[in-house]
Amino acid sequence: MATRYILSIDGGGVRGIVAAIVLDALDGEFKAAGKTCTVSECFDLIAGTSSGALIAAALSFPAPDGGTGPTPSEIRDRYEADARRIFPQKFFTRLPLIGRLPQLFGPLYRPDGLAAVLTESFGDVVFASARRNLMIPAYSIDPRDTVLFRGGPIYETRPEGDRFGMIKVRDAVQGSTAAPTFFPPHKIESPDRANSWTAIDGGVYINDPAMAAVAEAMRLFPGDELRVISLGTGRQTRNYPFEKARRWGFSEWISPTGRFRTPLISAIQDGQARAVNRQLKYLLGEKYTRFDYRLEKGRGSDKLDDSSKKNLRRLTQGAVEMVEEMRPQLRALARGLAPVY
């Protein structure tokens, strides 16, 4: 019985920098242990939703010119540099209440910045080119379905290889990051037009893809032992007092102009991640490691799109503090991980 390692990365918009920092720290522990392999070479399956999809894909694909993909350090630096291109900070949008009025009538952001970042990162590479086994969730609104875009060596002789092999990775990532009201849906179509999806953010149903990755690994590697490393993007801690929430209607639960910023969506994503965390702790015990921290005490905003330098600095501080607290777990993982052939 072999041991299979799974890497799962949550969605979180700009908060994805937290996951990138953990990967960079793990890579540092690899080097300290004298290992010459890369982090991505040590996982049998990598899964990422939304912003996590961008990081997972960066770990799994060659550079557009055919060279090696970015290191965790480069992913971290690129993520910070590209945050404002994806979520441009405009003076109007920072104004209380009225700054979010456009979001009531259409997407708050144009997809151009995100599309440019993805084109620069992945070019026209397709899922058949994946060097690691990869899974990227999205949700299709036409036709209605959950979609798990998959590629990598193990899928070459499987039906998923035929279905998703020629899909451009940048299209899958853009679909998985198309958060409703922030970005428009993204149309994804196979070259032969046999398959097409109108994709929105996978976070609407599976912001933490760890459990889905475990189910996929059980199908791919039946009978093998599974170990999961799950990377969060900061646990949301904003409370909604009963005396206020009991009077809420649409304008507070859903509307982005409300004082509490779409608490229903926040609760759905946070609740799903907490449920997965509890379930995997029960199922896998010490074979499951979760890296995450509470977004409080100046450790970053829970907003998906606050790409201000101040917030990125706070998120970085919170992630670095969490890494130091969990340094023993990182070192243990670095010692145990080995290249997958």
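Guide: Start with aspartate 44, which is buried at a relative accessible area of 4%. Buried means under 20% relative accessible area, exposed over 50% and partly exposed in between, with a 1.4 Å probe and protein chains only. This is a predicted model, where local features need pLDDT of at least 70, side-chain atom pairs count only at pLDDT 80 or more, and totals for chains, interfaces and linings use all residues. Residues are numbered from 1 along each chain as its sequence is written, and side-chain values use heavy atoms, leaving out hydrogens and water.

Visitor: Which residue forms a salt bridge with aspartate 44?

Guide: A salt bridge is a side-chain nitrogen of Lys or Arg within 4 Å of a carboxyl oxygen of Asp or Glu. Here the partner is arginine 4, with the closest N and O atoms 3.1 Å apart. Aspartate 44 sits in the loop between helix H1 and strand E2, and arginine 4 in strand E1, so the pair ties together parts 40 residues apart in sequence. Helices (H or I, at least four residues) and strands (E, at least two) are DSSP runs, numbered from the N terminus.

Visitor: Is arginine 4 buried or partly exposed?

Guide: Arginine 4 is partly exposed, at 22% relative accessibility. Its side chain also meets that of aspartate 224 in a salt bridge (2.8 Å, N to O). Aspartate 224 lies in the loop between helix H8 and strand E7, so this pair ties together parts 220 residues apart in sequence.

Visitor: How many salt bridges does the rule give?

Guide: The count is 28.
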